[in-house]
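Here is a friendly note to read alongside the coordinates.

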Amino acid sequence: KLIPKLIYNILNNKFLPIYGKGKNSREWIYVTDHCNALIKIFKKGKIGNFYNIGSNYNLNNLEITNKLLNIAKKKIKIGKKVKIIFVKDRPGHDLRYALNSKKLKRKLNWKPKINIKEGLEKTFLWYLNNQEYYSNINKMDIIKRLGSKKND
């Protein structure tokens, strides 16, 4: 949810809301790498086994935001409202998500092919070149805040 929201806000000259101090970290993977892992598991995985799909690219929200801003600045003119603002964190929001994907790498010889920088750039360019995507979804799904009392 973070990356599409940030890109939408960058492209539409809106503030970039970051929970807490931006320290929440996640393991990020490019969508094609994730899909390729699913296909590999489907074709070669052992029935009844579980495989974690991970990239080992664990970055916090502030790092992701800054990387996206650097990519955007090279591609478009950034609006004046495009600035990081820190907002109150969601209740019960996990500080860190990470996976141990060694089994997938070891047993099925899979690893991601796209590094975080390249993945973010490809993702940004996709949204830049497909802005009509946003017109086909409910705006509230983009701008509403999940986890607040109003949405529960």
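1. Let me start with K122, which is partly exposed because its relative accessible area is 37%, a value between the 20% and 50% cut-offs. Please keep in mind throughout that this is a predicted model. K122 forms a salt bridge with E118, and the closest N and O atoms of the two are 3.7 Å apart.

2. Where do K122 and E118 lie? Both are in helix α5, four residues apart, which is about one turn of the helix.

3. How many salt bridges does the structure hold? There are two, and the other one to look at joins the side chains of K75 and E121, with an N to O distance of 3.1 Å. This pair links distant parts of the chain: K75 belongs to helix α3 (residues 61-75) and E121 to helix α5 (residues 116-129), 46 residues apart.

4. The charged end of K103 sits over the ring of Y51, at 4.9 Å from the ring centre. The distance criterion here is within 6 Å.

5. On to the aromatic rings. A search of the whole structure finds one aromatic pair. It is made by W126 and Y127, with ring centres 5.0 Å apart and planes at 85 degrees, so the pair is edge-to-face. In general, a pair of aromatic rings is described by the distance of the centres and the angle of the planes.

6. W126 is partly exposed at 40% relative accessible area, whereas Y127 counts as buried at 11%.

7. Now for the helix packing. How does helix α1 (residues 2-11) cross α5? Their axes come within 10 Å and cross at roughly 55 degrees, which makes α1 oblique to α5. The crossing of α1 and α5 is right-handed.

8. Helix α1 also meets α3: the two axes come within 11 Å and cross at roughly 40 degrees. That angle makes α1 oblique to α3, since roughly parallel would call for an angle under 35 degrees. Here, too, the crossing is right-handed.

9. Finally, the backbone. Most residues other than glycine have a negative phi. N56 has a positive phi, near 70 degrees, and is placed in the loop between α2 (31-44) and β3 (58-60). With a relative accessible area of 53%, N56 is exposed.

10. N109 has a positive phi as well, about 55 degrees, although it is not a glycine. This asparagine is in the loop between α4 (102-108) and α5. N109 counts as exposed because its relative accessible area is 67%, and exposed means over 50%.

Definitions and conventions: Residues numbered from 1 in each chain as written. Predicted model: local features only at pLDDT ≥ 70, side-chain atom pairs only at ≥ 80, totals over all residues. Heavy atoms only, no water. Phe/Tyr/Trp six-rings, centres within 6.5 Å; stacked < 30°, edge-to-face > 60°. Buried < 20%, exposed > 50% of the residue type's maximum accessible area, 1.4 Å probe, protein only. Lys NZ or Arg CZ within 6 Å of the ring centre and 35° of its normal. Salt bridge = Lys/Arg side-chain N within 4 Å of Asp/Glu carboxyl O. Helix = DSSP H or I, 4+ residues; strand = E, 2+ residues; numbered from the N terminus. Axes fitted to C-alpha atoms, helices over the stretch in contact; angles between N-to-C directions. Parallel < 35°, antiparallel > 145°, perpendicular 65-115°, else oblique. Left-handed = near helix turned anticlockwise from the far one by under 90°.
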